[in-house]
Amino acid sequence: MSLFANKTDKAVNEPVDLPGGIDLLNLTGNSKRLALFLIWTLLGLSEAIRLYYRYNIVQDIYTWGQTLYWGLAAWYLWGLLSPVIAFLVRRITFGKSNWVRPVLIHLAAALSLSLVQLILDACVVHFGTQYIFVTEELLDQKLLDLIAAYLRFMLQRGVLSYFMIALVIYMVQYYRQFRAEERRRSAVEKDLLTSQLETLRGQLQPHFLFNTLNTVAELIHADPDLADQVITKLSEMLRLTLDTGKAIEVPLREEMEFIDLYLDINEIRFEERLQVTREIHPETLDLFVPTLITQPIVENSIKHGVSSRVEGAKIAISSTIKDKQLVLRISDDGPGLGSDYDESTPVGIGLKNTRARLEQLYGDEHSFSISDMDGGGVEVVIVIPVRHAGSPTADGDDDEGEL
Amino acid sequence: MKMKVLVVDDERLARRRLCRMLDSEDGVDMIGECASGQAALEAIIQRSPNIVFLDVQMPQIDGFEVIRSIPEKKTTGCGFCYGF
């Protein structure tokens, strides 16, 4: 039915970065380089502060210039070496059974990289300040001992730095995989929801159009004004369909606007055999509901309440908020479900899609019931969480823009 | 000879539309219209139409039930007006 063709928006299913949403871990190009530079600078600064206060307790031995030089030099060198660590992290994966080998490789890499860093650091420090950094404890020892102890001390720190950097890279990598998986899953879920909605629209439009156009064809002769009304309402429905596009959820106001038009047209079609009463609480109008959630239920009521009885049926639609939940109630005074009702009867199949969509969108947070009423007729009750416009997941794009 | 045609549909507007269409055809003699399966059966027995345009979904006696209930000696052709 091209008449009701939905707005085709190619971008709809692609992840869209919200404006202002900065994901530090997905930065690219210059901004990524700048962020990394800032991180290494911060580490260098903290090291400088540590050195300054650690060795200037009794009297001022080192100047801020010196400690800054040492601190920044040490961490910028690690910054330069970090791509090597990142490369190793990407290559070495931990399995459940083989963790010894990866750990050994990392340990070897840590030792050798620390040594490289230490040598480079010594060169830089010597070149810049003519002073190789030694602690007071080390100065008390003999020269060879001193060199050995110095090496051991610095290597320990180097290895620690290496593993710290590697750990952070592993975490970033894990986080990225997690996000990618999450994004993929939400895309799949969204696809499923969209396809269920498409199915629903596909079922609704052809036979509804067919019946409506037949009604109009008769009314053109019998009651042109009424024919005019039906066509106007039909075009209004078409406009709403185009506006809504592929939205999975819409405010109840829009849903009711659509269902009102649908019912109005049916009221004209069935004349006095269909009567509809509505009790929509004003507070519920801005709450989100799944698009077209009430349509199949109303359609069922019409089908079984009106088409099967000469005297027709009364349909009542109401919405309220109860215990912070939105309660939608649709009832008719038709013949009821009958004792043989289950999921495999036509009514059951028609409502299966509705049930699946609610499950998909709200999980345990919803309830859906269909039952015979005491005085005759069927009552369908849908309870879903209260969610206002702008709340998360209202448009399915909530997985963007953190950090 | 004109064909005697009966139209059966519980929806008045749909029924009127079909009657209007058929009425404008030469060779068609509209002998009546019915709003229910029960009325359709009575009309078929009393007025012996050549063709019945029959709605499927109707209250109480539906289209299939009407066909099953037509007495055997009647030679009426029935066509379903099927609108999904």
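Me: How many residue pairs are in polar contact between chain A and chain B?
Reply: The model is a predicted one. Between chain A and chain B, six residue pairs are in polar contact, with both residues at pLDDT 80 or more. On the side of chain A that touches chain B, α5 (143-222) and α7 of chain A each supply at least two residues. The largest share of that side, 10 residues, comes from α5(A).

Me: And how many salt bridges are there across the interface of chain A and chain B?
Reply: The rule finds four salt bridges across that interface. One salt bridge is formed by A:R273 with B:D10, where the closest N and O atoms are 3.1 Å apart.

Me: What area is buried between chain A and chain B?
Reply: About 1,500 Å² is buried between the two chains, and carbon and sulfur atoms give 55% of that area. Chain A brings 20 residues to the contact, and chain B brings 14 residues.

Me: Moving inside, which residues touch the most other members of the largest nonpolar core?
Reply: They are A:V289, A:V298, A:I302, A:I317 and A:I382, in a core of 49 residues. Helix α7 (residues 252-270) of chain A gives the largest share of this core, 10 residues. There is also a second, separate core of 16 residues, with A:W40, A:L88, A:A109 and A:A166 among them.

Me: What is A:V289 in contact with, leaving aside its neighbours within four places in sequence?
Reply: The contacts of A:V289 include A:I248, A:V250, A:L252, A:L326, A:L328 and A:I384. A:E249, A:E255 and A:Y362 are also in contact with A:V289.

Me: Now helix α1 of chain A. What should its 27 residues span?
Reply: At 1.5 Å a residue, helix α1 (residues 29-55) should span 39 Å, and its end C-alpha atoms are 39 Å apart, so the two values agree.

Me: Which residues of α1(A) are buried?
Reply: Among them are A:A35, A:W40, A:T41, A:G44, A:E47 and A:A48. Further along, A:L51, A:Y52 and A:Y55 are buried as well.

Me: One last topic, B:D62. Where is it found?
Reply: B:D62 is in the loop between β3 (51-55) and α3 (63-69) of chain B. Its side chain reaches the backbone nitrogen of B:F64 at 3.3 Å. B:D62 and B:Q38 are 24 residues apart in sequence, and their C-alpha atoms are 8.9 Å apart in space.

Me: Why does B:D62 count as partly exposed?
Reply: B:D62 counts as partly exposed because its relative accessibility is 28%, and partly exposed lies between the cut-offs of under 20% for buried and over 50% for exposed.

Terms used: Residues are numbered from 1 along each chain as its sequence is written. Chains are lettered from A and ligands numbered from 1 in the order in which they are written. This is a predicted model: local features need pLDDT of at least 70, side-chain atom pairs count only at pLDDT 80 or more; totals for chains, interfaces and linings use all residues. Side-chain values use heavy atoms; hydrogens and water are left out. Helices (H or I, at least four residues) and strands (E, at least two) are DSSP runs, numbered from the N terminus. The expected span of a helix is 1.5 Å times one less than its number of residues. Buried means under 20% relative accessible area, exposed over 50%, partly exposed in between (1.4 Å probe, protein chains only). A nonpolar core is a set of buried Ala, Val, Leu, Ile, Met, Phe, Trp, Tyr and Cys residues joined through side-chain atoms within 4.5 Å. Contact means heavy atoms within 4.5 Å. Buried area is the accessible area (1.4 Å probe) that two parts lose on being put together, summed over both. A salt bridge is a side-chain nitrogen of Lys or Arg within 4 Å of a carboxyl oxygen of Asp or Glu. A polar contact is a pair of N or O atoms within 3.5 Å; within protein, one must be able to donate a hydrogen and the other to accept it, and residues adjacent in sequence count only if both atoms are side-chain atoms.
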